[in-house]
Amino acid sequence: MISVIVAVAQNNVIGRDNKLLWHISEDLKRFKKITSNKKMIMGRKTFESLPGVLPNREHIVVTRDENYNVNSDQVTIIHDLNLLLEKYLNCEDEIFVIGGAEIYKQLLPYAQKLYLTKIGTSFDGDTYFPEVNYNNYKTEYISEQLTDEKNGLNYTFIDLTRI
Ligand SMILES: NC(=O)c1ccc[n+]([C@@H]2O[C@H](COP(=O)([O-])OP(=O)(O)OC[C@H]3O[C@@H](n4cnc5c(N)ncnc54)[C@H](OP(=O)(O)O)[C@@H]3O)[C@@H](O)[C@H]2O)c1
(Lines give C-alpha, C1' and ligand atoms only; values in the text may rest on other atoms or scores of the structure.)
Protein backbone atom coordinates (compact mmCIF):
# COMPACT_ATOMS: atom_id res chain seq x y z
CA MET A 1 0.00 0.00 0.00
CA ILE A 2 1.30 3.41 -0.99
CA SER A 3 0.83 6.40 1.32
CA VAL A 4 1.82 10.03 0.90
CA ILE A 5 3.17 12.21 3.67
CA VAL A 6 3.58 15.95 3.14
CA ALA A 7 3.60 19.31 4.89
CA VAL A 8 1.85 21.86 2.75
CA ALA A 9 1.38 25.61 3.05
CA GLN A 10 -2.00 27.28 2.62
CA ASN A 11 -1.14 28.06 -1.03
CA ASN A 12 0.06 24.46 -1.68
CA VAL A 13 3.75 25.42 -1.57
CA ILE A 14 6.03 22.66 -0.28
CA GLY A 15 9.51 24.12 -0.78
CA ARG A 16 11.89 26.58 -2.37
CA ASP A 17 15.49 26.22 -3.65
CA ASN A 18 15.36 22.52 -2.71
CA LYS A 19 14.66 23.32 0.93
CA LEU A 20 11.69 23.38 3.25
CA LEU A 21 10.46 26.87 4.11
CA TRP A 22 9.53 26.25 7.74
CA HIS A 23 10.72 24.39 10.78
CA ILE A 24 7.95 22.84 12.85
CA SER A 25 9.47 20.53 15.38
CA GLU A 26 6.23 18.63 16.12
CA ASP A 27 5.84 17.99 12.39
CA LEU A 28 9.32 16.51 12.18
CA LYS A 29 8.49 14.32 15.18
CA ARG A 30 5.29 13.14 13.50
CA PHE A 31 7.21 12.42 10.27
CA LYS A 32 9.75 10.37 12.22
CA LYS A 33 7.07 8.45 14.11
CA ILE A 34 5.06 7.62 10.99
CA THR A 35 8.00 6.65 8.75
CA SER A 36 10.27 4.87 11.23
CA ASN A 37 11.03 1.28 10.22
CA LYS A 38 9.24 1.81 6.90
CA LYS A 39 10.29 2.29 3.30
CA MET A 40 10.32 5.87 1.99
CA ILE A 41 10.18 6.73 -1.72
CA MET A 42 11.63 10.09 -2.74
CA GLY A 43 12.93 12.03 -5.72
CA ARG A 44 16.66 12.51 -6.06
CA LYS A 45 16.31 16.21 -5.23
CA THR A 46 14.45 15.57 -1.99
CA PHE A 47 17.03 12.96 -1.04
CA GLU A 48 19.78 15.52 -1.56
CA SER A 49 17.86 18.06 0.55
CA LEU A 50 17.90 15.77 3.59
CA PRO A 51 20.53 16.38 6.26
CA GLY A 52 21.74 12.83 5.55
CA VAL A 53 20.42 9.29 5.50
CA LEU A 54 17.65 9.15 8.11
CA PRO A 55 18.07 6.41 10.70
CA ASN A 56 15.86 3.31 10.83
CA ARG A 57 14.24 3.85 7.46
CA GLU A 58 14.89 2.46 3.98
CA HIS A 59 15.31 5.21 1.39
CA ILE A 60 14.21 4.43 -2.17
CA VAL A 61 15.59 7.24 -4.33
CA VAL A 62 14.20 7.80 -7.83
CA THR A 63 16.52 9.20 -10.51
CA ARG A 64 16.97 8.95 -14.27
CA ASP A 65 20.75 9.05 -13.77
CA GLU A 66 22.01 5.50 -14.32
CA ASN A 67 25.29 6.39 -12.63
CA TYR A 68 23.76 7.79 -9.46
CA ASN A 69 25.14 6.00 -6.46
CA VAL A 70 24.90 6.41 -2.69
CA ASN A 71 27.17 4.54 -0.38
CA SER A 72 24.66 3.36 2.23
CA ASP A 73 22.89 0.05 2.75
CA GLN A 74 19.81 2.06 3.74
CA VAL A 75 19.52 3.56 0.25
CA THR A 76 18.18 1.85 -2.88
CA ILE A 77 18.34 3.68 -6.22
CA ILE A 78 15.59 3.09 -8.78
CA HIS A 79 15.08 4.44 -12.29
CA ASP A 80 11.62 3.22 -13.22
CA LEU A 81 8.52 4.23 -11.27
CA ASN A 82 6.44 1.56 -13.04
CA LEU A 83 8.61 -1.20 -11.61
CA LEU A 84 8.24 0.39 -8.20
CA LEU A 85 4.45 0.46 -8.56
CA GLU A 86 4.39 -3.18 -9.64
CA LYS A 87 6.35 -4.09 -6.55
CA TYR A 88 4.62 -1.98 -3.91
CA LEU A 89 1.10 -1.07 -5.06
CA ASN A 90 -0.49 -4.19 -3.67
CA CYS A 91 1.92 -5.03 -0.91
CA GLU A 92 0.59 -5.16 2.63
CA ASP A 93 3.25 -2.95 4.17
CA GLU A 94 2.71 0.77 4.07
CA ILE A 95 5.31 2.46 1.83
CA PHE A 96 5.67 6.24 2.17
CA VAL A 97 6.05 8.71 -0.67
CA ILE A 98 7.87 11.62 0.97
CA GLY A 99 8.27 13.98 -2.02
CA GLY A 100 9.09 16.16 -3.68
CA ALA A 101 6.66 17.75 -6.08
CA GLU A 102 7.61 15.67 -9.13
CA ILE A 103 7.24 12.41 -7.26
CA TYR A 104 4.03 13.43 -5.48
CA LYS A 105 2.53 14.33 -8.85
CA GLN A 106 3.29 10.91 -10.32
CA LEU A 107 2.39 8.79 -7.29
CA LEU A 108 -0.50 10.65 -5.65
CA PRO A 109 -3.02 8.84 -7.91
CA TYR A 110 -1.90 5.53 -6.35
CA ALA A 111 -1.90 6.61 -2.71
CA GLN A 112 -4.41 4.97 -0.39
CA LYS A 113 -3.60 7.24 2.53
CA LEU A 114 -2.50 10.86 2.85
CA TYR A 115 -0.83 12.18 5.98
CA LEU A 116 -1.07 15.94 5.67
CA THR A 117 0.33 18.73 7.75
CA LYS A 118 -1.63 21.78 6.67
CA ILE A 119 0.09 25.01 7.54
CA GLY A 120 -2.22 27.99 7.92
CA THR A 121 0.12 30.44 6.18
CA SER A 122 1.05 30.95 2.53
CA PHE A 123 4.71 30.90 1.51
CA ASP A 124 6.64 32.18 -1.47
CA GLY A 125 7.98 28.93 -2.93
CA ASP A 126 8.89 27.22 -6.18
CA THR A 127 7.46 23.72 -5.65
CA TYR A 128 3.81 22.83 -5.07
CA PHE A 129 1.82 19.84 -3.89
CA PRO A 130 -0.57 18.69 -6.64
CA GLU A 131 -4.29 19.49 -6.32
CA VAL A 132 -6.07 16.85 -4.24
CA ASN A 133 -9.66 15.87 -5.00
CA TYR A 134 -10.88 15.61 -1.43
CA ASN A 135 -14.09 13.93 -2.60
CA ASN A 136 -11.98 10.81 -3.12
CA TYR A 137 -10.96 10.66 0.55
CA LYS A 138 -12.51 10.38 3.95
CA THR A 139 -10.97 11.98 7.02
CA GLU A 140 -9.67 9.44 9.50
CA TYR A 141 -8.08 11.88 11.88
CA ILE A 142 -7.86 15.63 12.27
CA SER A 143 -5.96 17.28 15.09
CA GLU A 144 -6.95 20.49 16.77
CA GLN A 145 -5.24 23.58 15.36
CA LEU A 146 -1.72 23.57 16.78
CA THR A 147 0.78 26.43 17.01
CA ASP A 148 4.55 26.16 16.82
CA GLU A 149 5.97 27.80 19.94
CA LYS A 150 9.05 29.13 18.19
CA ASN A 151 7.70 30.58 14.94
CA GLY A 152 4.00 31.03 15.76
CA LEU A 153 2.87 29.05 12.67
CA ASN A 154 -0.54 27.43 12.96
CA TYR A 155 -0.89 23.94 11.55
CA THR A 156 -3.20 20.92 11.59
CA PHE A 157 -2.47 17.22 11.13
CA ILE A 158 -4.95 15.42 8.89
CA ASP A 159 -5.01 11.73 7.91
CA LEU A 160 -7.14 10.84 4.89
CA THR A 161 -8.02 7.44 3.42
CA ARG A 162 -9.11 6.89 -0.16
CA ILE A 163 -12.77 5.90 -0.38
N1 LIG B 1 6.87 20.06 2.41
C2 LIG B 1 7.14 18.77 2.28
O3 LIG B 1 6.55 17.91 2.95
C4 LIG B 1 8.21 18.35 1.31
C5 LIG B 1 8.54 17.00 1.17
C6 LIG B 1 9.53 16.65 0.26
C7 LIG B 1 10.16 17.60 -0.50
N8 LIG B 1 9.81 18.91 -0.34
C9 LIG B 1 10.45 19.95 -1.16
O10 LIG B 1 10.23 19.66 -2.53
C11 LIG B 1 11.32 20.20 -3.28
C12 LIG B 1 11.90 19.12 -4.17
O13 LIG B 1 10.90 18.68 -5.09
P14 LIG B 1 11.19 18.56 -6.66
O15 LIG B 1 9.89 18.34 -7.35
O16 LIG B 1 12.03 19.73 -7.08
O17 LIG B 1 12.14 17.29 -6.77
P18 LIG B 1 11.95 15.73 -6.36
O19 LIG B 1 10.56 15.29 -6.74
O20 LIG B 1 12.40 15.52 -4.97
O21 LIG B 1 13.03 15.04 -7.29
C22 LIG B 1 12.96 15.20 -8.68
C23 LIG B 1 13.92 14.23 -9.33
O24 LIG B 1 13.42 12.89 -9.21
C25 LIG B 1 13.81 12.14 -10.35
N26 LIG B 1 12.59 11.70 -11.06
C27 LIG B 1 11.38 12.31 -11.11
N28 LIG B 1 10.51 11.56 -11.82
C29 LIG B 1 11.19 10.46 -12.23
C30 LIG B 1 10.84 9.31 -12.99
N31 LIG B 1 9.60 9.14 -13.49
N32 LIG B 1 11.78 8.38 -13.21
C33 LIG B 1 13.03 8.51 -12.72
N34 LIG B 1 13.44 9.59 -11.98
C35 LIG B 1 12.52 10.54 -11.74
C36 LIG B 1 14.66 13.07 -11.22
O37 LIG B 1 15.98 12.91 -10.74
P38 LIG B 1 17.28 13.13 -11.68
O39 LIG B 1 17.29 14.60 -12.00
O40 LIG B 1 18.42 12.70 -10.81
O41 LIG B 1 17.09 12.25 -12.87
C42 LIG B 1 14.13 14.44 -10.83
O43 LIG B 1 15.03 15.50 -11.09
C44 LIG B 1 12.31 20.74 -2.25
O45 LIG B 1 12.10 22.14 -2.08
C46 LIG B 1 11.95 20.00 -0.99
O47 LIG B 1 12.32 20.71 0.18
C48 LIG B 1 8.86 19.29 0.54
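**Close-up 1. Glutamate 102 in helix H4.** Glutamate 102 counts as partly exposed because its relative accessibility is 47% (buried is under 20% relative accessible area, exposed over 50%, partly exposed in between, with a 1.4 Å probe and protein chains only). The residue is found in helix H4 (helices are DSSP runs of H or I of at least four residues, strands are runs of E of at least two, both numbered from the N terminus). Lysine 87 is 15 residues from glutamate 102 along the chain, and their C-alpha atoms are separated by 20 Å. The model is predicted: local features need pLDDT of at least 70, side-chain atom pairs count only at pLDDT 80 or more, and totals for chains, interfaces and linings use all residues. Residues are numbered from 1 along each chain as its sequence is written, and side-chain values use heavy atoms, with hydrogens and water left out.

**Close-up 2. Strand S7 and its two partners.** Six of the seven residues of S7 (residues 113-119) are buried. S7 runs parallel to strand S1 (residues 2-8), to which six bridges join it (two strands pair if DSSP finds at least two bridges between them). In this pairing, alanine 7 has threonine 117 of S7 as its bridge partner. With strand S11 (residues 154-162), S7 runs antiparallel, and seven bridges join the two. Leucine 114 stands opposite leucine 160 in S11.

**Close-up 3. The largest pocket.** Its volume is about 1200 Å³, and 44 residues line it, with Thr46, Ser49, Ile98, Gly99 and Gly100 nearest its centre. Elements giving two or more residues to this lining are S1, strand S2 (13-15), helix H1 (25-35), helix H2 (44-49) and helix H4 (101-107). H4 gives the largest share, five residues. A pocket is an open set of points, on a 1 Å grid over the protein atoms alone, where a 1.4 Å probe fits, with protein on both sides within 12 Å along at least five of seven lines; lining residues have an atom within 4 Å of a point. Grid points are joined across faces, edges and corners, and the volume is the space filled by probe spheres set on the points.

**Close-up 4. The second largest pocket.** This pocket has a volume of about 200 Å³. Among its 16 lining residues, Val8, Ala9, Gln10, Asn12 and Lys118 are the closest to its centre. S7 and S11 each supply at least two lining residues, and the largest share, three residues, comes from S11.

**Close-up 5. Residues around the ligand.** There are 28 residues around the ligand, of which Ala7, Arg44, Thr46, Thr63 and Arg64 come nearest (a residue is near a molecule if one of its heavy atoms lies within 4 Å of it). A polar backbone atom of alanine 7 is 2.7 Å from a nitrogen atom of the ligand. For isoleucine 14, a backbone N or O atom lies 3.1 Å from a ligand nitrogen atom. Arginine 44 places a polar side-chain atom 2.7 Å from an oxygen atom of the ligand.

Close-up 6. Most residues other than glycine have a negative phi, and most peptide bonds are trans. The peptide bond from glycine 99 to glycine 100 is cis, with omega near 0 degrees; glycine 100 lies in the loop between strand S6 (95-97) and H4. Asparagine 12 has a positive phi of about 75 degrees and sits in the loop between S1 and S2. Asparagine 56, in the loop between H2 and strand S4 (58-62), has a positive phi near 60 degrees. Asparagine 56 is exposed, with a relative accessible area of 53%.

Conventions: Polar contact = N/O pair within 3.5 Å; in protein donor to acceptor, adjacent residues only side chain to side chain.
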